[in-house]
Structures are given as structure tokens and as C-alpha cells.
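Here is a friendly briefing to read with the structure open beside you. Have a look first, then follow the points below.

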Amino acid sequence: MTLLGLYHYWVFAVLLMIGFYAVIARLNLIKKLIGLFLFQSAVFLLYITMGKVDGGTAPIFQVGVENQIFSNPLPQVLILTAIVVGISTMALGLGIVVRIKEEYGSIEEHEIQEIDQQ
Amino acid sequence: MAVFLDVVSWLLLSLGGAFVFIGGVGALRMPDLYTRIHAASLTDTMGASLIIAGIILQAGASLASIKLAMILLFLLLTSPTATNALASAALLAGMRPGEAIPWRQDRSE
Amino acid sequence: MIVLFGVFLLTLLVITALAIVRSENLFVVVMLAGIFSLLMAAMFLILDAPDVALTEAAVGAGISTVLFLAALALTAERERAGSTNRLLALGVVAVTTLIVIYATFDKPRFGDPAAPVHQHVAPWYLERTPEAIDIPNVVTAILGSFRGYDTLGEVFVVFTAGIGVLFLLGTRPRRNSRSVRVALDESDAGLRHYLIPRVVGRLLVPFIVLFGLYIQFHGEYGPGGGFQAGAIVAAGLILYALLEGEEQALRVMPRWVLTGLVAGGALLYGAVGIAGMLLGGNFLDYSVLATDPIKGQQIGILLIETGVGITVTGVLLSVFHAFAARGRYL
């Protein structure tokens with residue numbers, strides 16, 4: 001049962017590093033942005049996993065149900081805002097990539113560096 | 001009565017799962033893009049209808065059943081439209097029906 | 001039993017992430033990212049977080065796919081293979097994965113009610129919400145009232161990102177930019193010639209906007225709130241823009257309306273805070289907004305959630321139009 005209990009965290013570690021690999025090892029700027037998207041999704045998964053309580057349910061009070069165990073609402077609040085902030089910064093990053101394409105004509109990192117050194 | 005409802009909803013859910021599985025296998029094994037679209041559309045219509053019908057039987061007569069029926073209605077309205085749009089887009093991109101493109105081989109342009 | 005379903009979804013997530021990194025065609029990568037977001041939303045639902053699942057589905061699987069596709073239309077379609085030191089990167093990544101997995105052995109067991117994270121603040125929020133605010137959805141209560149200042153800062157971040165994109169993409173490109181010029185005709189705009197998507201889409205747009213409003217105003221009683229509602233309304237209007245063409249969409253919602261939405265939501269939020277100060281309480285203290293403190297809290301949460309929804313709608317629509325309009329200049 002330890003394996004089943006820890007599987008969520010191991011998947012978090014694997015997803016984190018897959019996203020990080022995409023950022024450092026791929027040269028295309030949009031691929032790097034998607035790698036960052038994977039990275040932040042893994043962090044969201046970690047927070048919500050930590051909030052789960054055995055036998056709990058969503059933290060919404062229901063009429064006529066007493067003594068209900070609730071899952072922790074605090075990580076959900078943090079991740080809710082984090083998702084929207086993540087998409088905003090992703091949009092900003094995409095705007096920068098579009099402008100780089102217009103200025104340099106390419107979105108591959110090595111080609112941009114070559115053009116810069118000319 | 002409750003046992004009867006349980007058995008029927010179990011049957012519907014299993015059938016829906018079988019249709020989803022068939023749709024998935026078809027989307028992988030069919031030779032051409034258009035046949036793959038046709039196979040995958042099985043998931044959204046038969047699969048979704050049977051599964052949602054099974055869940056409605058479980059939910060009984062409550063607000064949740066009406067919401068589920070609305071979800072089914074919207075799914076049946078939008079997924080064939082999406083299939084149609086996908087096929088139109090493929091025609092626009094120049095893929096002719098009948099040109100068998102094996103799975104995993106990208107079009108070289 | 002549901003733990004096994006969770007394990008299955010997690011495995012699918014890892015496989016999708018691997019496929020994202022390995023694909024070269026960027027369209028495939030964007031579609032896989034949409035699938036990844038949807039699987040994440042299902043995972044959040046299993047972990048008892050319906051609010052987060054709704055936000056992830058609306059924002060991650062809906063809006064972000066559209067934004068990535070819009071950016072792809074302006075940049076490139078395939079990733080060109082280049083040479084980096086892949087072995088070194090793989091080595092670093094593998095070592096760090098093993099270190100993080102080693103660290104997870106010290107974590108409390110999954111679902112343990114005695115874990116430290118469930119001790120100090122969370123039970124206080126769960127007790128305090130029926131007494132002080134009296135709304136069923138605890139997440140909205142914490143978001144709107146107990147941690148309202150965080151949410152104010154977050155609205156300002158969304159606002160700033162919106163202005164940032166408008167600064168970057170709002171002006172015409174210079175004449176000598178190295179881009180291909182494509183002439184776009186008004187009658188070709190949108191999906192005018194494709195009858196089925198157009199008819200069904202136009203049928204659906206009012207229902208999508210209505211559903212967004214439902215989510216907005218039911219945020220206190222069930223999963224929902226400003227962020228999800230903003231994303232859903234923006235998705236409905238983006239659907240309209242995709243079907244009818246961008247000119248028509250800008251006639252329906254002109255740029256000054258979008259700018260007004262972007263700024264108005266943040267202003268509404270700040271105004272509620274200052275109204276609290278003017279009526280005798282602290283900044284963002286809602287108890288003084290009505291004679292009954294509990295009613296005041298509910299009114300305050302309703303107003304700020306509306307502000308959040310307005311700003312998120314405005315920003316997502318402005319960003320979409322900034323990307324779409326760029327295609328006309330190219």
C-alpha cells in the first residue's frame with residue numbers, strides 16, 4: 001500500500017522532470033513554453049494531491065448532511081489562482097515568441113543566436 | 001427493483017465502455033484519416049449515450065438526471081459538428097480520401 | 001477502487017507528457033497539451049477538487065489550446081531538429097528525478113488526515129465559514145474573503161499580462177520585418193463557407209455565455225466563481241469570432257469595450273476594498289458593506305467575483321484578438 005500511496009508523488013517527480021527536460025534540451029521556443037506548462041501542471045498536481053483526505057469529499061457544505069469529512073480547501077484556493085496566472089504568463093510568453101519570429105525570422109534557439117552574433 | 005436498475009445500468013455502462021474501446025481500436029488501426037475519424041466518432045455518440053444512460057439510471061429521478069440529459073444533448077450536438085469540421089479541414093489541407101497513410105508515418109512536405 | 005482509477009489516469013498523464021516532448025510536429029504537441037489538461041482536470045476531480053477541475057478544463061483545455069494555435073499560425077509548424085547535449089540533459093534530469101523520488105519517502109501517506117497540512121489553518125477555515133460568511137462553498141469563501149488580498153493581487157497579474165500582450169502585439173509591425181504577406185478578404189473571413197459548424201456554433205454561443213453567467217453567480221453555492229466564468233464566457237465569444245471572422249467579432253465587441261472590461265473588473269475589485277475603508281472598516285473588509293455582517297460578506301464576495309470574471313473575460317478576449325489581428329498584418 002505504500003507504493004499506491006506514493007505513486008502520486010512519483011508521477012509528480014516524473015512529470016516535473018519531463019517538463020524540465022523539454023525546457024533545457026529542446027531548441028524550439030514553443031516547445032520550451034510547453035515544457036514550462038508541463039512543469040507547472042506537475043506542481044499543481046502535487047498541491048492538490050497533498051490536500052486529499054481519506055474518506056473526504058469536496059469542501060462544499062450540503063444541506064442536511066452533518067459531520068462530513070472535507071478535503072483541505074486551502075491548496076485548492078492556491079492552485080485556482082495559480083492556473084489563471086499560469087495561462088496569463090503563457091500568453092505573454094507566446095506574444096514574445098511571435099515578436100521574436102517577426103524580428104529574427106526563426107524560433108529555433110541556435111538560429112537566433114547565430115543571427116544575433118552577426 | 002433496485003437490483004433490476006443496478007443490473008440494467010451495469011449492462012449499459014459495460015456496453016458503452018465496449019463501444020469506446022472499439023472506437024479507440026478503430027482510430028488506431030484504420031488506414032486512412034477519414035476512416036479514422038469515422039471510427040473515433042463512435043466514441044462520442046454511441047459510447048457517450050450508453051454511458052450517460054447508465055449513469056442516469058444510477059442517479060434516479062433528481063436534478064442530476066436532468067443535467068446529465070442536457071450534457072448528452074450538447075454532446076450529441078457538438079461532436080458530429082467537430083467531426084465534420086475536422087473532415088472539412090482535412091479536405092482543405094489537400095488530403096484526398098482513399099490515400100492510405102499508414103499509422104506513424106508523417107506526411108513529408 | 002477509485003485509487004486504481006487515479007493510478008490509471010496518472011499513467012496516462014506520464015505517457016502524454018512523454019509524447020509531447022517526443023513529437024516534432026507542433027500542432028500535434030498543442031493537441032496533446034489539450035489532452036493533458038483534460039486528464040489533469042479528471043485527476044483533480046478524483047482528488048475532491050471540483051473548482052480546480054472546472055478551471056483547468058476551461059482554461060487549460062479550452063483557452064490555452066486556442067492561444068497556442070493562434071501563436072502557431074503566426075510562427076512555425078514543425079520543430080527543426082538541432083544538436084544539443086542531450087545526454088547531459090538526460091543525465092541531469094534522471095539524477096534530479098531520483099533525488100525527488102527519494103525525498104517523497106518522507107512525505108505523509110496519501111490521504112492521511114493527521115498530515116501537517118490539515119492541522120493549523122484549514123480546520124479553522126472550515127469552522128469559521130458557516131459562522132462568519134455562511135456560504136456553502138468553502139473554497140469561494142477563502143478565495144473571496146479570508147484570502148481576498150491574494151485574489152486582488154492575482155487579478156492585477158492577469159491585468160498586467162493583458163496589457164503586456166497588447167503592448168507586444170497591438171501595434172503594426174515594421175515594414176522590413178521578415179514575414180510573408182497574405183491578403184485576407186472580408187468574404188473569406190471566418191468559417192462563412194462551412195455551413196454545419198457555423199449553424200451549430202451560432203446555436204451554441206448563447207448557451208455557452210449563459211452557462212458562464214450561471215457559473216459566475218453560483219460560485220458561492222457550488223463549484224464555480226469568477227475565474228471559471230471568465231474563461232467560459234471568453235471561450236464562447238472566441239467561438240463566435242472563429243465562426244464569423246474577426247472583423248465581425250470586433251464589430252460585436254469593439255476594442256474599447258474589451259479595454260473597458262479589462263480595466264473595469266480590477267477597478268471594481270479595488271473599489272469594493274476602498275468602499276470598505278470609507279464605511280469604517282479595513283481595506284477589503286466586507287462586514288461593513290451591509291447592516292448584517294454576514295450579508296455584507298456575501299455581497300462583498302459577489303461583487304469581487306464579478307470583478308474577477310469581468311477582468312478575466314476582457315484579458316482573454318484581448319489576447320485572442322491581439323494574436324488574430326496580427327495575422328492580417330503579416
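**Chain C in brief**

C:Leu284 is buried, since 21 other C-beta atoms lie within 10 Å; buried here takes 20 or more such atoms within 10 Å of a residue's own, exposed 12 or fewer, and partly exposed falls in between, with C-beta atoms placed from the backbone. This is a predicted model, where local features need pLDDT of at least 70 and side-chain atom pairs pLDDT 80 or more, while totals for chains, interfaces and linings use all residues. Residues are numbered from 1 along each chain as its sequence is written, and chains are lettered from A and ligands numbered from 1 in the order in which they are written.

**Two loop residues**
- C:Leu284 sits in the loop between α11 (255-278) and α12 (293-329) of chain C, and its phi is near 60°, a positive value in a residue other than glycine.
- C:Asp134 belongs to the loop between α5 (122-133) and α6 (138-146) of chain C, and phi is near 60° there too.
- C:Asp134 is partly exposed, with 14 other C-beta atoms within 10 Å.

**Overall fold**
- Chain C has 12 helices and 0 strands, taken as DSSP runs (H or I, at least four residues, for helices; E, at least two, for strands) numbered from the N terminus.
- Of the 330 residues of chain C, 43% are buried.
- The C-alpha trace of chain C spans about 60 × 50 × 40 Å along its principal axes.

**Interface**
- On chain C, 6 residues are in contact with 7 residues of chain B (C-beta atoms, placed from the backbone, within 7 Å).

Notes
Two residues are in contact if their C-beta atoms, placed from the backbone, lie within 7 Å.
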